[in-house]
Amino acid sequence: MATTEVERSRGQLAALSIAAVVIIVGVPLWWRTTETYRAWLPVSQINELAKLQLHLSADVEVVFARGTVTPEQQKKVPLTQTQDEEHRVDEDTALRYRYETRYRTATVMEEDALNQPTAAEADLSLHTLSESPCGSLVVYVIPESSSLLPQDVDVYIGQRRTALLRIGPQMRVGKTLEQLLAHLEPRIKQVLQVMSFSHTDITAALSDRVRLSPGNKESIADSMRAFKSSPGYEITFSLLNPDPRSHRLHWDIEGAVQTYIRPLLTKLSPVANFSIDSQTLHYAVLGVNPRFDSSRSYYTLNADSLAHVINPVEARLGSNAASSNPVLNFLLYVPDAHHSPLYIHDHKKQEVPSNAFHSPRWGGIMVYNVNGFYEPETVFPVDININMAKVMGVFLAQLRLLLGVQSSSPPPGFLMAPCGSAGLADWELDRLMWSRSVENVATATTTITSLAQLLDQIGNIVINDNIAEQVSSAVTSLQLAVAELEAGNLGFALQYSKEAILASERAFFDPSLLHLLYFPDDQKFAIYIPLFLPMCVPILLSLLKIVSEVRQKRREKHAKTD
């Protein structure tokens, strides 16, 4: 009897020991080794960025030349005025523009520069004196009698960040300074709309975040034509020769790129990185058959058929699998001898002067006729040297459009200087940088907030320290970009916005975030039940038996006491 009692006590003690080890050691150890590691994320800061409040500041300096202000008015300058504009785009996005305008009189050296015979020479001389910082403008107010501008021109916009504004006849000397500034304000605002950011450009840059109004058709078309902002772009020039047995084509693409394209890309280096390659494709034909126009004795491609040209040709172009950057394709097509000459017609059945067309967010195609280089009785094949100046002029214009350099028509009374050998004016670069900075900020905030929502909804996704670091880096860069935009430091704002979009995309597309790599709860139960149930049932039965025996002993003890 005593032996049985000892064995029973020993069994109870063993059961209790096993249960204690399982509960105290086993369960915490299992919980710790199987829990999903989730690094800390700055969720509160991400939620603040979801309510995008962008402040854009532009500095404008208005310089009065001799003969535009009276000595009495000169005593009141220099002075500074600030103008704020607020726009509510939607419930989560608001824009605020601040224009800080400083008024002063011209220096002696600036007066000498304004005495140049032409506006272009004056613009160059003023640029030599002082270079305006990125994102700022200088407007020189010249008297009505100045010979720098033609009679029908009131505003001249140069290649740099300088504009010449002719004072109106109704504001001759004698008015007060306040009246003069009130007269100049609408004209200066027009100059700002052209040379700096405008509300239309900024809202178009937010197209991925907000829905544009249907009435803003021009900005919608421009935003759909240009490539989305990217840290880098691949540019490919392709020569299509469908009839190499008749035409031996020679094109100096390397020299043409260095002469015409490289200066533009060098100037665009703050916006993105560019890589260029070229290729020649033989026996590459268009996807449509040209129609022969007997009344004009040449072949035509109608505007309706241009959409069917790209897909068959694109299959021959190839792609760079090692790069994820967008590719801009520029194709030079030389028709074969049996379909020459070939001209592109617009929707009005008229010849396109450039004999080229472009496809939004893809590239451009130019048809280059060579039938005029040889006589009909010439023995084939013939050697033909392509005029690269003509070709690159077309491709350069298409490249500007595809990269978002808007060539809108100037307001009445405005005269714009040619963009020069670089293919891009300084103020055009600033305008593009404003749009790209805002677009990068909007895209990065959307990416980060989407990632935070995804991680909040799916709790079993592992958040590694690397992802948390990328998210924190993106949030910090976004905060710095927004602050630099508010301060008017355009170059720094663009740089921080590029860093933000790179970090946010690295975090969002990290392979470890694929939720298919983790089991849902029902699969976890299907795995754990066969593993733990055989072990837990004997322990639970032993514990139940011990509890039952303890209760039985208590009842017997109470019965003896009674």
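Modeller: A residue counts as buried when its relative accessible area is under 20%, as exposed when that area is over 50%, and as partly exposed in between, using a 1.4 Å probe and protein chains only. This is a predicted model, in which local features need pLDDT of at least 70 and side-chain atom pairs count only at pLDDT 80 or more, while totals for chains, interfaces and linings use all residues. Residues are numbered from 1 along each chain as its sequence is written, and side-chain values use heavy atoms, with hydrogens and water left out.

Colleague: Is Asn 355 buried or exposed?

Modeller: Asn 355 is buried, because its relative accessible area is 7%. Asn 355 sits in the loop between E13 and strand E14 (356-359), where strands (E, at least two residues) and helices (H or I, at least four) are DSSP runs numbered from the N terminus.

Colleague: Where does Arg 361 lie?

Modeller: Arg 361 lies in the loop between E14 and strand E15 (363-367). Phi of Arg 361 is near 55°, again a positive value in a residue other than glycine, but Arg 361 is partly exposed, with a relative accessible area of 36%.

Colleague: Which residues does a cis peptide bond join?

Modeller: The bond runs between Ser 340 and Pro 341, with omega about -5°. Pro 341 belongs to the loop between strand E12 (327-333) and strand E13 (342-344).

Colleague: What span should the 19 residues of helix H6 have?

Modeller: The expected span of a helix is 1.5 Å times one less than its number of residues. Helix H6 (residues 177-195) should therefore span 27 Å, and its end C-alpha atoms are 25 Å apart, which agrees. The buried residues of H6 include Leu 177, Leu 184, Ile 188 and Met 195.

Colleague: What does the UniProt annotation "transmembrane region" cover?

Modeller: According to the unreviewed UniProt entry, the annotation covers residues 12-31 and 525-547; such positions follow the numbering used here, feature names are shortened, and annotations may be inferred rather than shown by experiment. In the model, residues 525-547 are 100% helix and 0% strand, with end C-alpha atoms 29 Å apart.

Colleague: How far apart do the C-alpha centres of domain 1 and domain 2 lie?

Modeller: The two centres are 86 Å apart. The assignment, which is automatic or from a database, gives domain 1 (1-35 + 519-559), domain 2 (56-203 + 411-417 + 423-428) and domain 3 (229-403).

Colleague: How many cavities of 30 Å³ or more does a search of the whole structure find?

Modeller: Rolling a probe the size of a water molecule over the atoms shows where empty space is left. On a 1 Å grid over the protein atoms alone, a cavity is a set of points where a 1.4 Å probe fits but cannot get out, a pocket is an open set with protein on both sides within 12 Å along at least five of seven lines, and lining residues have an atom within 4 Å of a point. Grid points are joined across faces, edges and corners, and a volume is the space filled by probe spheres set on the points. The search finds four such cavities. The second largest cavity holds about 40 Å³, and its lining includes His 127, Glu 131, Arg 160, Arg 161 and Asp 426.

Colleague: How much space lies in the second largest pocket?

Modeller: The second largest pocket holds about 360 Å³. Of its 20 lining residues, Asn 47, Thr 449, Ser 450, Ala 452 and Gln 453 are the closest to its centre. Helix H2 (43-50) and helix H12 (426-457) are the elements giving two or more residues to this lining, and H12 gives the most, with seven.

Colleague: Is Ser 437 buried or exposed?

Modeller: Ser 437, which is found in helix H12, is buried, with a relative accessible area of 0%. Ser 437 and Leu 485 are 48 residues apart in sequence, yet 8.3 Å apart in space, C-alpha to C-alpha. For another such pair, take Ala 120 of helix H5 (residues 119-129): Ala 120 and Ala 417 are 297 residues apart in sequence and 7.4 Å apart in space, C-alpha to C-alpha. Ala 120 counts as partly exposed, at 45% relative accessibility.
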